Amino acid sequence: MTLKNRETSAKNALRYGHFKKAIVHLKVLLATEKRVEWIDWAQTAHSALAQQLAQQKNFQEVVKLFASGHRLCDLSLENPVYINALQKMNRLDEALDHYLRLSQKELLDKNDKVALSIIRSQFAAYAIAGVSEIIEQLPENDPIFVDFDKAYQLLDAYCHSDDESVERNLKLISFRSPYRDLRQIIAAAIQLDESNATGDVAGIEKSRHALAHISPDSAFSKLAELLHLTSADTQDILSPFLSLNSDSQNLVLHMKGWQKEQVKIIERLANLPSEPDFNTLFRVADEYQKDQPEFCTEIAKIALIHAKTKNHKVVTLKRYEQRFGNLSFLDKYHIDALYETLYLNSGLKLEEYYFDPEEEFDDYEETWEIFIDVINDSKHLPKIIKQNISLIKALIYRNFSKQRCKKNKPDQNSADYLQESLLFDPSDKEAHIELNRYFLDNNQLKDARDNLAIALDYYPDNLEILLLSIESAIASGAYKKAAKYAKKILDVDPINRQARTLLCNAHLSHARKQAKIGKWHLVEAELNDAEQWAGDQTQIQASIAVLRANMAVAQKQNKQATELLKTIKEIVDTELNASLIIHLEATSINADAKKLHRLAKLKWKPAKNQGIDILFSFIDLGKTCFEHYHENIILQSINALLPALQTIKLEAVSLQDYEKILEFCWHPFKLYNLLDIYINKAIKEHGDIPLLVYYRYINKRYLSIDEYRKITRMIDQARDQGDSKIASRLITLLEKSGPPLSFLNELDDDEFDEFDEFDEFDEFDDNLPPKNLEEIHKLLPELIHLAASDADITKMLKDIMSLNQSEINEYKVIIGMEGLKDMLIAFITNGTQPNDFIADYDNNSEGKEKGKTKKKPIFPFNLFGDNDE
């Protein structure tokens with residue numbers, strides 16, 4: 001490569017964010033001549049790459065990169081990224097030396113100022129922890145030195161419970177101080193102490209939120225984590241407590257107001273096995289109750305609730321009241337509600353066939369709603385409950401939502417519960433975030449806009465709520481409003497990549513909207529704004545170039561359009577990637593994609609050994625584009641490129657690489673044609689193995705007998721190889737399609753051995769289905785009731801009885817899911833029509849007992865009720 005060509009390649013690589021490639025070229029160039037322009041490029045490339053490595057927390061590589069950059073192009077070591085990396089590697093002397101030089105510079109840009117404040121905070125933490133060399137080497141006007149005495153006195157006053165001094169020193173430390181996180185932590189700890197003393201649950205929650213808000217990257221984050229732990233319920237502290245060092249344990253004891261004697265109880269409890277004898281747990285509480293009555297009473301209640309799930313013969317309500325006194329009316333209802341929570345969680349985990357989640361959700365919710373009624377009607381409530389009735393109700397409804405989401409994605413029910421919780425506690429940040437995430441994911445834009453307006457009233461500067469507001473504004477076409485929210489984030493956090501991306505997308509979306517109606521002067525203004533925030537995001541840079549090319553074509557400046565389109569390959573690396581971006585943008589504004597391809601003069605002739613690299617580059621770009629374009633536009637564009645994709649030659653591709661390719665074809669794009677092409681190549685190269693068989697049949701709605709048998713063999717093979725993930729996926733395929741109807745009639749007795757590990761066949765191991773069709777019909781009711789899921793029944797009602805979803809829903813309201821199963825059986829065996837069946841069903845149901853006795857399973861020990869572990 002000539003120097004001229006290498007210079008062009010370095011320039012383009014730098015322009016489009018390919019910093020490693022730029023450095024490789026610049027090393028060669030600078031070895032020939034120390035040209036000022038090349039030195040500047042090399043410094044820029046090293047700094048940008050170091051920033052990326054720092055974001056990945058690869059601090060060792062950052063230090064190495066700066067050292068090599070310093071030798072190559074005199075890269076300055078007075079750089080915040082370099083200093084922070086030295087701090088993270090505990091090379092404090094070097095870090096302090098470079099910090100002192102950096103802090104003396106007068107002209108720093110906005111990003112460097114933000115980074116410098118983070119470095120100061122880290123040094124401030126070391127200083128307050130007793131690394132005296134830091135304060136000794138700092139000039140008196142350095143912020144770390146200036147506020148050191150105030151911060152030290154604040155911490156000392158808090159430790160000695162000197163409230164007056166604490167209040168005074170809190171006011172002396174500003175929000176710009178390097179000790180600001182320490183100030184926030186101590187302010188939250190003070191509020192936590194006061195709230196615990198008065199039983200102010202809302203105050204406790206507010207303190208916990210303030211502590212959780214401290215960034216994990218903060219130098220004071222460990223202190224925040226410890227104080228957050230002390231604010232948790234007693235049972236949530238037990239296990240983490242023993243893993244702490246002695247200093248941390250002493251802090252927890254002090255904050256909880258515990259005596260050292262309680263450590264013995266904690267050790268006893270924390271060392272219990274995962275499935276303890278609840279009699280032992282109860283005895284521990286009984287043994288120590290004279291010394292710690294309140295603490296041990298709570299432990300005994302936990303033992304009582306969990307023992308109830310096992311129908312324990314020893315730990316009973318009677319024994320509890322003999323040893324710890326009578327439970328209050330309210331406590332009894334509370335324990336019932338906690339028991340239902342535990343039963344629900346354990347049942348969801350075990351997934352026993354007799355466990356009906358919907359029915360159990362109803363029982364669980366009804367029990368808690370009774371508890372709410374008791375609170376509402378009670379005249380003699382404990383003070384702590386009386387003061388916090390609204391918050392208690394909010395917490396209960398939040399937990400309803402959480403339980404609904406344990407086995408399924410958030411649905412309208414879980415969203416309704418979150419809305420209900422916000423009626424009682426409208427300031428709950430997490431509930432606002434979860435609710436609006438649901439609204440946006442389900443395209444409920446008006447609901448999102450209305451709720452975000454409320455959330456912004458409470459949290460006008462919260463990053464997550466502002467980001468959701470940007471998404472909502474873009475989805476609603478309110479691009480100017482989206483830009484306003486993004487700029488608000490960037491004023492506080494100028495390097496926030498997500499906000500920069502969303503801001504770019506807001507400007508690009510508005511540009512596309514204007515392009516559709518030919519307002520090109522407004523398009524240019526939006527593209528200029530997008531370019532300002534694009535940074536090294538190559539997909540956005542390429543999109544801007546294509547839109548400008550479209551503008552040139554509209555203004556009959558084809559030569560200019562060609563020049564713009566030629567740059568796209570340099571931006572996104574390959575002709576195939578360039579074709580994708582061109583097609584995406586042309587489709588987005590209803591432009592002529594074919595004309596743009598002709599003007600771009602792209603030559604699609606990939607080298608034989610580049611096939612896999614070109615395909616992976618395309619896959620990575622496709623995944624990025626999925627976040628920025630409507631799904632239909634992406635599918636249309638990728639399908640237009642199928643002929644080009646089919647020409648990519650793949651040779652000696654590893655199974656791991658094929659899995660990445662096949663997953664891209666299936667999720668999220670559902671590229672069925674492309675999936676068939678690559679699965680055929682993969683099977684030809686690697687044979688019929690479980691992973692590839694899974695992708696072979698992933699889109700088949702119905703399986704033949706041979707296909708069904710093949711998948712069952714692959715399940716066994718995957719299990720033998722220890723690949724439980726693929727075995728589980730293959731089982732899901734079988735459950736989705738079900739066995740072919742002719743399958744049961746063709747099986748020999750010994751062939752049912754294949755199903756020994758399927759729970760739904762356990763009941764029939766000793767009574768295998770006969771070949772006689774009439775006898776199979778007799779067995780059918782039992783098969784459907786035990787083996788068929790609700791989804792299977794719905795599918796059969798549609799396929800066999802030709803019912804639509806609204807009819808199924810209507811019948812389900814009348815006769816329930818079990819009734820639908822019986823209706824299906826009646827139709828298959830006797831041809832009974834739905835209306836005739838429902839009439840008979842109603843007559844037969846009269847006088848039947850509504851309640852039923854549930855078989856309660858034996859559950860593993862779960863101390864906290866709502867814990868999945």
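These legends go with close-up views of a predicted model.

View 1. Helix α27 covers 445-458; helices here are DSSP runs (H or I, at least four residues), numbered from the N terminus. Leu-445, Ala-448, Asn-451, Leu-452, Ala-455 and Leu-456 are buried (under 20% relative accessible area, with exposed meaning over 50%, partly exposed in between, 1.4 Å probe, protein chains only). Seen down the axis of α27, these buried residues fall within an arc of 145°, so they line one face of the helix; the arc is that of the directions from the axis to the C-beta atoms.

**View 2. The surroundings of α27.** The buried residues of α27 pack against α25, α26, α28 and α29, where contact means heavy atoms within 4.5 Å. Turned away from that buried side, Lys-446 and Asp-457 are exposed.

**View 3. Asn-462 in its loop.** Look for Asn-462 between α27 and α28. Asn-462 is buried, at a relative accessible area of 10%. Its side chain reaches the backbone nitrogen of Glu-464 at 3.1 Å. Leaving aside residues up to four places away in sequence, Asn-462 touches Lys-429 and Ile-433.

**Notes for all views.** Residues are numbered from 1 along each chain as its sequence is written. In this predicted model, local features need pLDDT of at least 70 and side-chain atom pairs count only at pLDDT 80 or more, while totals for chains, interfaces and linings use all residues, and side-chain values use heavy atoms, leaving out hydrogens and water.

Definitions and conventions:
Helices (H or I, at least four residues) and strands (E, at least two) are DSSP runs, numbered from the N terminus. A polar contact is a pair of N or O atoms within 3.5 Å; within protein, one must be able to donate a hydrogen and the other to accept it, and residues adjacent in sequence count only if both atoms are side-chain atoms.
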